[in-house]
Amino acid sequence: MTCRVKVTNRSTGVTYIYESESYWDKEKQKPRNKRVCIGKLEPGSGAFIPSKRLDSKQALARDPVVTASAEIIGPSIILNAITNELGLDKLLKSCFPDTYKQILVMA
């Protein structure tokens, strides 16, 4: 599992961003972490500054501001047509105004 860790150097006040990956050490029978510094945060604005050893594509991929998403809409088109025809969407929206979309997705 990979996660991001922020570490602030107390003497300089610079905040570094690390990618940390957990693994099981068979010899020591303990969980361990591998950390790689991917950059730092600019002190004034908090903007991400990528590490110099990363090439431009790696730096863009690791920038916390840059995100990507994918959406599968095929099944939802059919489900929306059926719920509209039956009036189920209006009923769910009136009963569960905050979570009706999640209920439809789980169906």
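Visitor: Which side chain of opposite charge is nearest to D89, and how far away is it?
Guide: That's K90, and the gap is 6.0 Å. D89 is buried yet has no salt bridge. Keep in mind that this is a predicted model.

Visitor: Where does D89 sit?
Guide: You'll find D89 in helix α3, which covers residues 88–95.

Visitor: Let's follow T83. Which helix is T83 in?
Guide: T83 belongs to helix α2.

Visitor: Is T83 buried or exposed?
Guide: Buried. Its relative accessible area is 4%, and the cut-off for buried is under 20%, so T83 falls on the buried side.

Visitor: What does T83 touch?
Guide: Not counting residues up to four places away in sequence, T83 touches L88, D89 and L104. So D89 turns up again in that list.

Visitor: How many residues apart in sequence are T83 and L104?
Guide: They are 21 residues apart in sequence, and in space the C-alpha to C-alpha distance is 8.7 Å.

Visitor: Okay, new topic: the surface. Which residues make the nonpolar patch?
Guide: The patch is made by I78, I82, L86, L88 and L91, and it comes to about 490 Å². Two elements, α2 (74–86) and α3, each give two or more residues to it.

Visitor: Which element gives the largest share of that patch?
Guide: Helix α2 does, with three residues. As for L91, that residue lies in helix α3.

Visitor: What about I103, where is it?
Guide: I103 is in helix α4, residues 100–106.

Visitor: Why does I103 count as partly exposed?
Guide: Because its relative accessibility is 27%, and partly exposed is the range between the 20% cut-off for buried and the 50% cut-off for exposed.

Visitor: What does I103 touch?
Guide: Leaving out residues up to four places away in sequence, I103 touches L92 and F96.

Visitor: Let's jump to the strands. How many bridges join β1 to β2?
Guide: Seven bridges join them. Strand β1 takes residues 2–8, strand β2 takes residues 15–25, and the two run antiparallel.

Visitor: Which residues in β2 are the bridge partners of V5 and K6?
Guide: V5 has Y18 as its bridge partner in β2, while K6 has I17.

Visitor: What's in the turn of that hairpin?
Guide: The hairpin of β1 and β2 has six residues between the strands. One of the residues in the turn is G13, with a positive phi of about 80 degrees.

Visitor: How do β2 and β3 pair?
Guide: They pair in the antiparallel sense, over 11 bridges. For instance, D25 has K30 as its bridge partner in β3.

Visitor: How many residues are between the strands in the hairpin of β2 and β3?
Guide: Four residues. Q29 lies in that loop, between β2 and β3 (30–41).

Visitor: What is the phi of Q29?
Guide: It's near 55 degrees, which is a positive value in a residue other than glycine.

Visitor: Now zoom out for me. How many helices and strands does the chain have?
Guide: Four helices and four strands. Read along the sequence, the pattern is β-β-β-β-α-α-α-α.

Visitor: How many residues are in the chain, and what percentage count as buried?
Guide: The chain has 107 residues, and 19% of them count as buried. D89 is buried, and T83 is buried too.

Visitor: Last one: among contacts between residues at least 6 apart in sequence, what percentage join residues at least 24 apart?
Guide: That comes to 16% in this chain.

Key. Residues are numbered from 1 along each chain as its sequence is written. This is a predicted model: local features need pLDDT of at least 70, side-chain atom pairs count only at pLDDT 80 or more; totals for chains, interfaces and linings use all residues. Side-chain values use heavy atoms; hydrogens and water are left out. Two strands pair if DSSP finds at least two bridges between them. Buried means under 20% relative accessible area, exposed over 50%, partly exposed in between (1.4 Å probe, protein chains only). Lys and Arg count as positive and Asp and Glu as negative; His and the chain ends are not counted. A salt bridge is a side-chain nitrogen of Lys or Arg within 4 Å of a carboxyl oxygen of Asp or Glu. Patches are made of residues with over 30% relative accessible area and no salt bridge: like charges are joined within 9 Å, nonpolar side chains (Val, Leu, Ile, Met, Phe, Trp, Tyr) within 5 Å. Accessible areas come from the Shrake-Rupley method with a 1.4 Å probe; for residues, only the protein chains shown count as cover. Contact means heavy atoms within 4.5 Å.
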